[in-house]
Amino acid sequence: MKQGFTSSSRHWNKTRLSATLGIEYPIIQGPLGGLSTQRLAATVSNFGGLGSFGAHGLAPSAIKDVIAEIRALTPKPFAVNLWVSMEDEGAFTSGSEAFARSLRPIAEHIQALGGTLPTYKPYAPIKFEDQVRVLLDAKVPVFSFIAGIPPKEILDECRAQGIVTMGTVTTPDEAIALEQAGVNVIVASGFEAGGHRSSFLRSSEDSLTGTFSLVPQVADAVAVPVVAAGGIADARGVVAAFALGAEGVQMGTVFLASDESGASVHHRKALLSGNARRTTLTRGFTGRLARGIHNQLIEELNRPGVEILPYPLQRALVKNLVTLAEKAAKPELLQLWAGQSANLSRQTDAKTLLQTLVTEVSAVADSVVRWNSERDNR
């Protein structure tokens with residue numbers, strides 16, 4: 001059976017995905033980059049979903065501590081997320097002149113907030129291979145990743161240790177490439193999603209397929225379980241994902257709005273304000289294409305002629321402003337990461353959000369999943 005139920009069960013949550021991950025409900029909390037917390041990951045996992053922690057910006061020693069802390073909070077499966085591609089071309093060669101040009105658009109804001117202008121420093125990388133070594137040694141339950149395909153030897157070791165691998169795609173071709181590499185679960189991320197685009201076969205700008213179009217194409221292209229991501233914010237989105245052929249969902253922005261996340265009070269307020277209708281794609285935040293709530297910072301960094309440093313140099317540069325803006329309560333100068341359904345965020349408690357989702361989805365989803373399973377087996 002390609003999709004749907006694991007056996008003769010007729011419950012929407014008993015899919016191959018939930019069986020593969022060892023969870024009760026096929027609901028995955030998005031890794032949320034630098035805004036994830038051990039508390040949020042554990043809360044979702046303890047409820048029966050899959051909590052995730054985005055660790056791509058952490059040194060290996062810090063990742064080791066994070067894993068230990070999550071395990072102290074939950075005995076259930078959880079995921080640690082890394083980026084296969086840690087920097088863009090030019091990160092090692094970008095010099096002081098480019099730094100100065102990219103600093104100009106934000107220099108006035110930094111000084112107005114009482115900050116000192118940063119000085120150029122050569123790029124000092126964190127290596128993906130060193131990070132993933134920690135995950136392998138710790139035998140994390142689930143290794144999730146974006147922005148590429150890990151080397152064969154890493155995927156082989158995951159299989160040998162029983163670590164489930166879960167990769168993110170933005171096109172059907174990327175999904176086929178992951179399946180051919182032996183990845184266990186594929187997350188199909190539509191361009192509605194908040195945060196960074198994870199494209200790796202073509203440019204992000206050339207891989208902007210919406211969730212409604214992407215999920216059924218990916219589900220038809222591969223035999224492994226598919227997770228829908230991007231713009232899913234309530235039970236309606238979850239049920240729609242199952243109708244499209246997904247066996248689970250990954251939700252990020254709605255969890256970002258919860259008190260358990262690492263988002264600042266100003267970020268959470270923006271998500272819950274009812275005024276998060278407009279989101280925008282930008283390279284200005286970090287050097288890679290990403291989606292956030294439209295504000296002054298996005299407008300200024302998206303202006304023609306503004307020079308953007310390669311990832312992650314731009315991320316480090318803009319952080320100088322964001323840190324000051326946070327302290328000064330200036331949300332117009334913050335990186336307000338969010339997906340296109342940010343305005344549907346309602347809950348500030350992650351457990352309440354999950355309870356609501358499960359209750360509402362359970363009312364209608366069994367027949368939808370059954371219909372899709374029967375359709376697929378014709």
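The buried residues of helix H5 (residues 128-138), where buried means under 20% relative accessible area with a 1.4 Å probe and protein chains only, pack against helix H3 (60-73), strand E3 (78-83), strand E4 (142-146) and helix H6 (152-161); contact here means heavy atoms within 4.5 Å, and helices (H or I, at least four residues) and strands (E, at least two) are DSSP runs numbered from the N terminus. Those buried residues of H5 are Phe128, Gln131, Val132, Val134, Leu135 and Leu136.

Please keep in mind that this is a predicted model, in which local features need pLDDT of at least 70 and side-chain atom pairs count only at pLDDT 80 or more, while totals for chains, interfaces and linings use all residues. Residues are numbered from 1 along each chain as its sequence is written, and side-chain values use heavy atoms, with hydrogens and water left out.

Turning to H3 and H5, their axes, which are lines fitted to C-alpha atoms over the stretch in contact, with angles running from 0 to 180 degrees between N-to-C directions, lie 9 Å apart and meet at an angle of about 30°. H3 is therefore roughly parallel to H5, the term for angles under 35 degrees. On the H3 side the contact is made by Pro60, Ile63, Lys64, Ile67 and Arg71, and on the H5 side by Asp130, Gln131, Val134, Leu135 and Ala138.

Just after H5, Lys139 takes a positive phi of about 55°.

Finally, Gln38, which lies in helix H2 (residues 38-47), is in contact with Phe53, Val66, Glu69, Ile70 and Leu73, leaving aside its neighbours within four places in sequence.

Technical notes. Buried means under 20% relative accessible area, exposed over 50%, partly exposed in between (1.4 Å probe, protein chains only). Angles under 35 degrees count as roughly parallel, over 145 as roughly antiparallel, 65 to 115 as roughly perpendicular and the rest as oblique.
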